[in-house]
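Subject: Structure handover: helix packing and aromatic pairs

Hi,

My notes on the helix packing and the aromatic rings follow below it.

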Amino acid sequence: MSNVKFKKKIKTKVIISNTISYILLTVIAIVCAGPFIWLLLSSLRTGANIYDLNFSLSSFSLVNYTGVMEFMQLHKYVWNTVVITVGAIVIDVVFSAMCAYPLATMNFKGKNFIFGVLVATMIIPAAAGMIINYLTISKMHLLDNVMGVILPSSVKTFSIILLRQAYLGVPKELIDAAKIDGAGQFLTWLKVMLPGIIPSISTVVIFDFIGNWNAFLWPIIIFKSPEKYPLATALQYLNGSFSYKFGYVAAGTILSIIPVLIVFMLCQKNYIEAVSGAVKG
């Protein structure tokens with residue numbers, strides 16, 4: 001009987017502990033998601049004070065979404081953002097994967113020095129490189145050109161280091177087997193190494209997507225024509241034009257967040273695998 005009572009006590013303690021944990025996690029989630037929920041509810045109201053927290057279903061409307069789409073010609077800015085984001089992601093994934101491959105699998109003079117320099121560049125603030133990037137883009141005659149926005153944000157040091165660490169986790173036996181079968185370096189990289197680091201590539205895609213989709217300052221510097229602005233920059237101008245109509249700004253912001261949420265949900269599984277693998281390593 002004593003063993004039964006002891007097991008019941010343990011079970012009760014576990015239930016209480018789990019209940020408290022779930023309540024705390026729920027509260028933390030609500031607090032963290034609070035600004036987003038407030039923004040979402042504000043985008044569904046019309047003519048209401050943004051500081052008024054009294055919401056009712058009767059005041060909800062989609063007029064802010066239709067209004068901001070008509071005023072901004074939202075599809076144009078979304079297309080500009082898609083071009084910039086997809087272009088930067090493709091360049092970063094391809095060239096970072098190629099740069100990381102020799103750093104992880106080949107032995108050559110200066111390898112450790114090159115890797116050390118790459119790590120050291122991560123401490124340099126992004127703003128410090130803007131002048132150099134602007135001068136470089138100007139010399140390449142890419143001002144007011146979409147490539148002038150894409151190139152400086154592609155091939156990130158973080159991506160190279162992350163993919164290098166992922167390559168180190170691929171069993172060397174697979175590389176040796178590919179060499180025995182007569183595969184060269186390119187085929188080994190394409191057929192053996194890349195499939196083994198898909199979770200890390202998904203992580204790079206998520207970070208690149210968020211960074212480029214929300215790009216604001218650099219497009220303003222490069223583009224002279226507002227028609228070429230990405231969505232985040234266009235929304236800032238909307239904020240200046242409709243500071244008295246916060247519902248439009250809230251609706252535009254929610255619309256800009258939706259693609260980021262979709263990409264994260266699609267890549268969430270691989271992202272978690274990559275992060276857990278990095279922690280274990």
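This is a predicted model: local features need pLDDT of at least 70, side-chain atom pairs count only at pLDDT 80 or more; totals for chains, interfaces and linings use all residues.

α3 passes α10 in a right-handed crossing.

Helix α3 with helix α10

Helix α3 covers residues 74-105. Its axis and that of α10 come within 9 Å, and they cross at roughly 145 degrees. On the α3 side, the contact is made by V78, T81, V82, T85, A88, I89, D92 and V93. On the α10 side, I201, V204, V205, D208, F209, N212 and W213 meet them. By residue class, this contact has 10 nonpolar, three polar and two charged members.

Helix α7 with helix α10

Helix α10 (residues 198-213) also packs with helix α7 (residues 157-168). Here the angle is about 165 degrees, with the axes 9 Å apart. An angle over 145 degrees counts as roughly antiparallel, and α7 and α10 are therefore roughly antiparallel to each other. The crossing of α7 past α10 is right-handed. From α7, the residues in contact are F158, S159, L162, L163 and A166. They meet S200, I201, T203, V204, F207 and D208 of α10. The residues of this contact divide into seven nonpolar, three polar and one charged.

I201, V204 and D208 of α10 are among the residues that meet α7. I201, V204 and D208 are also among those that meet α3.

Aromatic pairs

The count comes to four aromatic pairs. Two of them are described here.

The ring centres of F158 and F207 are 5.6 Å apart. Their planes stand at 85 degrees, so this pair is edge-to-face. F158 sits in helix α7 and F207 in helix α10, so the pair ties together parts that are 49 residues apart in sequence. How accessible are F158 and F207? F158 is partly exposed, at 37% relative accessibility. F207 is partly exposed too, with a relative accessible area of 39%.

F209 and W213 make the other pair, with ring centres 5.2 Å apart. Their planes are at 15 degrees, so the pair is stacked. F209 and W213 are four residues apart in helix α10, which means about one helical turn separates them. Are these two residues buried or exposed? F209 is buried, with a relative accessible area of 12%. W213 is buried as well, at 5%. Both F209 and W213 belong to the α10 side of the contact with α3.

Best wishes

How values were computed: Residues are numbered from 1 along each chain as its sequence is written. Side-chain values use heavy atoms; hydrogens and water are left out. Axes are lines fitted to C-alpha atoms, for helices over the stretch in contact, and angles run from 0 to 180 degrees between N-to-C directions. Helices (H or I, at least four residues) and strands (E, at least two) are DSSP runs, numbered from the N terminus. Angles under 35 degrees count as roughly parallel, over 145 as roughly antiparallel, 65 to 115 as roughly perpendicular and the rest as oblique. A crossing is left-handed if the near helix is turned anticlockwise from the far one by less than a right angle, and right-handed if clockwise. Contact means heavy atoms within 4.5 Å. Ala, Val, Leu, Ile, Met, Phe, Trp, Tyr, Cys and Pro count as nonpolar, Asp, Glu, Lys and Arg as charged, and the others, Gly among them, as polar. Rings of Phe, Tyr and Trp (its six-membered ring) pair if their centres lie within 6.5 Å; planes under 30 degrees apart count as stacked, over 60 as edge-to-face and the rest as tilted. Buried means under 20% relative accessible area, exposed over 50%, partly exposed in between (1.4 Å probe, protein chains only).
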